Amino acid sequence: MNDERRPTEPDSHVPEARVDDIRFGIVELTVDPEQGRMAVTGPKLPPVSLRRSAGTDSDRRSPIGTRAPARLELVIDGAVVAVDPGLGFVSRRSRRVDVRYDGRYYRLTPTADDRSTLLRDDHRIGEFVLSPRTVAGADWDVESQIAPVEAALGYVLAAAFGVGAPGFVKSAIGAGTVAPPF
């Protein structure tokens, strides 16, 4: 009797990370940069995922592998939602990512080399910060009511497009790149 077991998915191409979010508990990130798939789940969060269209080569400008809106599919709690990333060139503002969902406007935008801010209707609700040995964590605005779906959206955008960006001068001379979230 042959007891050979074969994995059902490619081995080790999917880094997984867990964040202990102070407001939303455990956040699980699943990332497959080769296939262009990112997913966020957690006991207190609805599922949110972002994927690059099949057959789309990675352009390496962001962890998801493309910034072309037509090549991306964002799914929030089962609903397909448009995502509109900036082109991602020299300025930090060009690396912003916009989403309209449930009557609200969200933007994740780099604000420093190691941080990005999540806005809801132009108001800061959270900031994602990189630290040397940990996954990017969120610092939520204490005065804002933040829904679990908004937290999950922020985490998936941070995973897909990176956290932080070099300023204009560093970008212009090619001295900086977008940091993946882990």
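Reader: Two strands count as paired if DSSP finds at least two bridges between them. In this predicted model, how many bridges join β2 to strand β3?

Author: Happy to start there, and please keep in mind that the model is predicted. Strand β3 covers residues 37–42 and runs antiparallel to β2. The cut-off is at least two bridges, and the count for β2 and β3 is 5.

Reader: Which residue in the turn between β2 and β3 has a positive phi?

Author: β2 and β3 form a hairpin, with 4 residues between them. In that turn, a phi of about 70° belongs to G36.

Reader: Let's turn to the rings. How are the rings of F128 and W140 arranged?

Author: A search for aromatic pairs gives 4 of them. In the pair of F128 and W140, the ring centres are 5.7 Å apart and the planes meet at 85°. Planes over 60 degrees apart fall in one class, so this pair is edge-to-face.

Reader: Where in the chain do F128 and W140 lie, and how many residues apart are they?

Author: F128 belongs to strand β11 (residues 123–131), while W140 belongs to strand β12 (residues 134–140). Both residues are buried. The pair links distant parts of the chain, and the separation is 12 residues.

Reader: W140 also pairs with Y155. What parts does that pair tie together?

Author: The rings of W140 and Y155 have centres 6.3 Å apart and planes at 70°, so they too are edge-to-face. Both residues are buried. The two are 15 residues apart in sequence, and the parts tied together are strand β12 and helix α1 (residues 148–161).

Reader: Which residues do ring pairs link into a cluster?

Author: F128 and W140 make an edge-to-face pair, and W140 is also paired with Y155. The cluster takes in F24 as well, and its members are F24, F128, W140 and Y155.

Reader: On to charges: is D98 buried or exposed?

Author: D98 has salt-bridge partners to look at: its side chain meets that of R96 at 3.3 Å, N to O, and that of R107 at 2.6 Å. R107 is partly exposed, with a relative accessible area of 22%. For D98 the value is 10%; the cut-off is under 20%, so D98 is buried.

Reader: Which residues are linked in a network of salt bridges with R124?

Author: The whole structure holds 10 salt bridges, one of them between R124 and D141 at 3.9 Å, N to O. R124 lies in strand β11 and D141 in the loop between β12 and α1, so the pair ties together parts 17 residues apart in sequence. R124 is partly exposed at 32% relative accessibility, as is D141 with 21%. The network links R124 with R115, E127, D139 and D141.

Reader: Finally, which residues does L119 touch, leaving out those up to four places away in sequence?

Author: L119 is found in strand β10 (residues 115–120) and is buried, with a relative accessible area of 17%. The C-alpha atoms of L119 and Y105 are separated by 8.0 Å, although the residues are 14 apart along the chain. The residues touched by L119 are Y105, Y106, R107 and R124.

Notes:
Residues are numbered from 1 along each chain as its sequence is written. This is a predicted model: local features need pLDDT of at least 70, side-chain atom pairs count only at pLDDT 80 or more; totals for chains, interfaces and linings use all residues. Side-chain values use heavy atoms; hydrogens and water are left out. Rings of Phe, Tyr and Trp (its six-membered ring) pair if their centres lie within 6.5 Å; planes under 30 degrees apart count as stacked, over 60 as edge-to-face and the rest as tilted. Buried means under 20% relative accessible area, exposed over 50%, partly exposed in between (1.4 Å probe, protein chains only). Contact means heavy atoms within 4.5 Å. A salt bridge is a side-chain nitrogen of Lys or Arg within 4 Å of a carboxyl oxygen of Asp or Glu.
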